[in-house]
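Q: I should like to learn how to read the features of a protein model one at a time. Please give the general idea before each case.

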Amino acid sequence: MSSSPLSKKRRLSGTETKTGSHCSSSNSVRTDLSHTPANGMAKNGNDAEIDEGLYSRQYVLGHAAMKRMQNSNVLISGMRGLGVEIAKNVILGGVRSVTVHDEGVAEWRDLSSQFYIREEDLGKNRAEVSQSRLAELNNYVPVAAYTGALTEDFLTKFQVVVLTNSTLDEQQKVGEFCHSKGIKIIIADTRGLFQLFCDFGEEMIVHDTNGEQPLSAMISMITKDNPGVVTCLDEARHGFESGDFVTFSEVQGMTELNGCQPVEIRVLPYTFSICDTAGFTDYVRGGIVSQVKMPKKFTFKSISSSMAEPEFIMTDFGKFERPGQLHVGFQAIHAFQKKNNRLPAPWHQVDGEEMLTLAKELNAAQSGSAKVEQLDEALIKKMCYVCAGDLAPVNAFIGGLAAQEVMKACTGKFMPIIQWLYFDALECLAEEEGVVLTEEECAPRNSRYDGQIAVFGTKLQDLLAKQRYFLQVGAGAIGCELLKNFAMIGLAGGEGEVIVTDMDTIEKSNLNRQFLFRQSDVTKMKSDTAAAAVKQMNPSIKITGHQNRVGPDTERVYDDDFFESLDGVANALDNVDALYMDRRCVYYRKPLLESGTLGTKGNVQVVIPFLTESYSSSQDPPEKSIPICTLKNFPNAIEHTLQWARDEFEGLFKQPPENAMQYLDPKFMERTLKLPGGQSAELLEAVYKSLVTDCPRSFADCVAWARNHWQCQYSNNIRQLLHNFPPDQLTSSGAPFWSGPKRCPHPLEFSTSNDLHIDYIMAAANLFAQTYGIESCTDRAAVIKLSQEVKVPNFTPRSGVKIHVSDQELQNSNSSVDDSRLEELKVLLPAPESSQFKLCAIDFEKDDDTNFHMDFIVAASNLRAENYDIPPTDRHNSKLIAGKIIPAIATTTAAVVGLVCLELIKIVQGHKKLESFKNGFMNLSLPFFAFSDPIAAPRHKYYEIEWTLWDRFEVSGLQPSGEEMTLRQFLDFFKNEHKLEITMLSQGVSMLYSFFMPAAKLRERLELMTEIVTKVSKKKLGKHVKALVFELCCNDMSDEDVEVPYVRYTIR
């Protein structure tokens, strides 16, 4: 399912061609970006002018959708916090042009969320001030400012119109006009809470409702029936759903299905039914069934019709009645504003009563489904109290969602919101029932935080200013958004501090979603650049940039003093580092804000000391790996050939040079001969090849090596495989060997007139030359000439060559060691001390189009695909799969971080109830939202004492006498104080004590605790270490095994 939860998880390629980024017209200046790559490779795929380097991570949208987006002119009206957030995300996405509109001037309250307005801009037009800063985000998207009225003539220039900060009258007037002209309109509003409305016209065609890769499966049987039933080969469920459309290919026997028009299916657990196959030829074997994304048509109502008969998208199933109430409440806010020419004052009791009366009148006047049976009076009053507020996190969330709807409107990709979406985060207010802030606490005071003070008062603002937060690997996409929100809400705006660490430098592909960076920042350090950018947004934020990886190696930097001084941690990193940070937060008992995105999917998890489980409490299932034998001999999908090509890259250009350079180490031979099985002979053979048999003297030798390697991989090895298993081979049960997932291959014939063949030789020869320090050559004609001169030895398949059919067979095989060959290699290898060689291992880098890395991967994979009649794939898709690119899009990142910062506000206020906090999951493509209370920390018990992962035994290593505890005293302490018999004691991976240790070893171990740790771990304790962590296995007094917390053993 596409709504399934998200799993917990540098060089510039030439100069960039730029388009006019400060054009005042709404027409984009276009530049022809198609070019022949600088390294002389043949062009692969589409000549479109989409900048792959910039948009590579956003290709969750797909190439066709990106092209459609480049034809869309978008108007965004209202340049307060919400409008600028939407504009930022849409510009990063890559539409044709954006026009920002506002007739108003910047006020103090705008500064609480409008990150492109500075204090010196107060009194200036918001659109004009924002335009130049927005234009810097993407050189391919011209941004214009417009400050006049929204006339009908003006509106007709745009394909999509977004209204924010507009009156209900304006929404209805513009909405009805746009509906009549087929202009798609999105209305977004934040009033402390938020509202989102979409009208994409009478006929909106959606090409792909969920954005997931089309499924495909191998067929094992198709019945002749009405309807025919298809059984798939895999034992797992096929993943298709009723209503899906599929086509067939490579079916033997029932060939009528091959290339047929898409057929609708009905799903049974492991099979599915299709059309009437009774009159078709008998099914013999094989075949692939592939899902086809069919266009769907949707009809939208105009805003006036939809207000009376609203359709709601649920954002929180725990608040099922809330959308209807908020629908009336928002109309009451508009009615109050129209009547009084102002919004209700923050936490004003009289205004609250007046708005409640208006809401009751509006509700009574409703005749359609918009009428609610019973108004929630407390909710309507809370809406009134906070509606003058302007919160950056709420704007980030709705801004992400609204910008995604703009992209849907432009592209027809993903399911649009039909038609109203409401969201509230009232849990951010005081936990106790009936708490009402005073008007004085929330009144505006000409401060940049007025929009936030209107909702939460001044006390929260003071608390936020004192916070000390650590943002780990914090200047990526999520990190940039977090820092922007931190600056806007005033985190560390006083005595506090934000420490951000990121060891990476800025790359071109980052610019598409890491919006704090510009083209001129490429190659600079992320953390320093991001820190400087947010200081521009709010000069009062105290922020420090580090370039350290957080882990055991940097515990001298991020030590006890550092963590104990923190108020909390926000993570913006991958799974492995997140697990380490989670353990640190549990140990130091600090809140952790964890979030992640994958394309349009995003998740948020909040970890609160003594309240919730930790991040590590739940784990993802392991990733599915491709069996080795499938990769080596039996690929059946392009993913298999791409993984094979990646393994080839490592095995040709990285491992051999590394092994050869290790040979210079005097202890290399000693270490190698101790390796098990045939590994020592294998390694020495590889070193001998690198230093002797394959060692080139010139670029011509590199071409000869590449040409011979091509012959070996795409012709000789395939011929050997077919010699062992001929095309007509049968298994022991009489079934064809080459059937099901095993595709029968065919050898290729080399030709210098085949572009793909020469692509391979070019890339392989240049990479091989690079490993030996030989000058490269990008002259294609010269490489073709050298290839023609290579003498390729004749090959005859040999009998007796063992080819493993399964991974089990491979595991069970014993590789025999030829001792005589080992001795021979030891003699043949040149003496390390006399060797003058220096080989250079190549690390795979997918984002540099001039380094031949992706050229090699694409050619190697597509040649192997041709061997096995697997449809090839283009360079872009190859980069996504082989480079393991995690798709990322600015809209999801903004929305996720908005939710993270709402949780941060709760933490800073000191919320204590589990139900006040929310873990969230979203998939903006569906759209789907799920919020839940965090899972409580599991409770354990020994005797009558309850404990959770947040509890521990505190033991002071220093006794009153000033001497440290011995192991005997430690054991006795637990026996006497806690009635626990320690049976095993460990520190990290070191076993310090166990009841089954030999007596002699036990006697050794009864010394001081720190001495035992140093001796067993063979590591000295650094001066920064104040305490040690011990894990215990214990028995109670009845000799029963009991689970107990860990021990914090203080030594300083």
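Q: How does the span of helix α8 agree with its 19 residues?
A: Helices (H or I, at least four residues) and strands (E, at least two) are DSSP runs, numbered from the N terminus. The expected span of a helix is 1.5 Å times one less than its number of residues. Helix α8, residues 322–340, has 19 residues and should therefore span 27 Å; its end C-alpha atoms lie 26 Å apart, which agrees. After α8 comes N341, with a positive phi near 60 degrees.

Q: On what basis should these values be read?
A: This is a predicted model, in which local features need pLDDT of at least 70 and side-chain atom pairs count only at pLDDT 80 or more, while totals for chains, interfaces and linings use all residues. Residues are numbered from 1 along each chain as its sequence is written, and side-chain values use heavy atoms, with hydrogens and water left out.

Q: Where does W347 lie, and is it buried or exposed?
A: Buried means under 20% relative accessible area, exposed over 50%, and partly exposed in between (1.4 Å probe, protein chains only). W347 is in the loop between α8 and α9 (349–365); its relative accessible area is 4%, so W347 is buried. Although not a glycine, W347 has a positive phi of about 55 degrees. D1039, also a residue other than glycine, has a positive phi near 70 degrees. D1039 lies in the loop between β31 (1027–1035) and β32 (1041–1042), and counts as exposed because its relative accessibility is 58%.

Q: How many aromatic pairs does the structure hold?
A: Rings of Phe, Tyr and Trp (its six-membered ring) pair if their centres lie within 6.5 Å; planes under 30 degrees apart count as stacked, over 60 as edge-to-face and the rest as tilted. The structure holds 51 such pairs. In one of them, F470 and Y558, the ring centres are 5.1 Å apart and the planes stand at 35 degrees, so this pair is tilted. The pair links distant parts of the chain, 88 residues apart: F470 is in strand β18 (residues 468–472), and Y558 is in the loop between β20 (543–546) and α16 (560–564). F470 is buried, at 0% relative accessible area, and Y558 is buried at 2%. Elsewhere, ring pairs link residues into a cluster, among them W644, F649, W705 and F856.
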